[in-house]
Amino acid sequence: MDASGESEVREEEIICEKEMEVSVNGRPAFRLTCTPEHLKELVLGRLMTEGLIRSISEVEHLFICGEGNIGEVRISGDPVLRPYGGAEPTCCTGNLQLTEREDRREPERLAKVDPDMKEVFRLAEHFRKDGELHRSTGGTHSCYIRLPEGDILSFEDIGRHNALDKAVGAMLIREAEPGKCMLFTTGRVAADMVMKTVNAGIPVLVSKAVPTDRAVRLAGRYGLTLIFRAWPDSFCLADHVSEPSE
């Protein structure tokens, strides 16, 4: 209905949403609420951004059923998983560490990288073209990964964390060197998005939106170059601030 009170009937495309239960080494690990595309990339990326694996070589087996409802993964080692309550964290909370290991190490500090400004602008320009699902539904987040050879791969999902995980999973499948990759997210950058990027070993995270104060502090701690409000002709570089003393 418009402002004049006139109404019309028309068809609108809506987003498909599904849930996938994922087990790791035979034990329930997490439930993913996601769009049904690029599920292999999503599972692999989530394993890496949660610190369960550091490379594709640690994945011994990956199975996703034909309906995409069940994922089974076997990885090297014996990760200790938090008790699984059967609920997927929301897009705003609970995504920092779904899993933990008894031997979990502090993520390594990233090597300092001076990002190529032209590539940052190229990623922002890529965003302007918009993703296919977002263009037709207006209801997805996107994440782009620039690979070392310059290719840009695009991924969409109802959740910004899932979109980032899909991009990281694609990096793993390509066996690309994380230290030479760059991520662009259309969502805001909170602490969990920073830690996902750090766990993936990717030194540059770019966003069209803004970071939180904690995200900026964590980026400074781990050496992540954090760029925000990125557009095809301008961007802001986050100053690394000290963490508050305890």
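Begin by selecting helix α1, where Leu39, Glu41, Leu42, Val43, Leu44, Gly45, Arg46, Leu47, Met48 and Thr49 are buried (under 20% relative accessible area with a 1.4 Å probe and protein chains only; exposed is over 50%, and partly exposed lies in between). The model is predicted: local features need pLDDT of at least 70 and side-chain atom pairs pLDDT 80 or more, whereas totals for chains, interfaces and linings use all residues. Residues are numbered from 1 along each chain as its sequence is written, and side-chain values use heavy atoms, without hydrogens or water.

Helices (H or I, at least four residues) and strands (E, at least two) are DSSP runs numbered from the N terminus. Select Arg46 together with Phe30: Arg46 lies over the face of the Phe30 ring, at 5.8 Å from its centre (for such a placement, NZ of Lys or CZ of Arg is within 6 Å of the ring centre and within 35 degrees of the ring normal). After α1 comes Gly51, with a positive phi near 80°.

Next, display the largest nonpolar core, which has 53 residues; Leu47, Ile75, Ile145, Val168, Met171, Leu183 and Ile202 have the most contacts inside it. Such a core is a set of buried Ala, Val, Leu, Ile, Met, Phe, Trp, Tyr and Cys residues joined through side-chain atoms within 4.5 Å. Helix α4 (residues 160–174) supplies the largest share of this core, 7 residues. A second, separate core of 12 residues includes Phe127, Met182, Phe184 and Ile227.

Now select the open sheet, whose 6 strands follow the order β6-β5-β7-β8-β9-β10 with mixed pairing; two strands pair if DSSP finds at least two bridges between them. Its edge strands, β6 (152–157) and β10 (234–237), each pair on one side only. From one strand to the next, the twist averages 20°. Strand β9 (residues 225–231) runs antiparallel to β10 and is joined to it by 3 bridges. In this pair, Ile227 stands opposite Leu237 of β10.

Return to α4, which lies across β5 (141–146), β6 and β7 (182–185) and runs at about 145° to β6. Axes are lines fitted to C-alpha atoms, for helices over the stretch in contact, and angles run from 0 to 180 degrees between N-to-C directions. Contact means heavy atoms within 4.5 Å.
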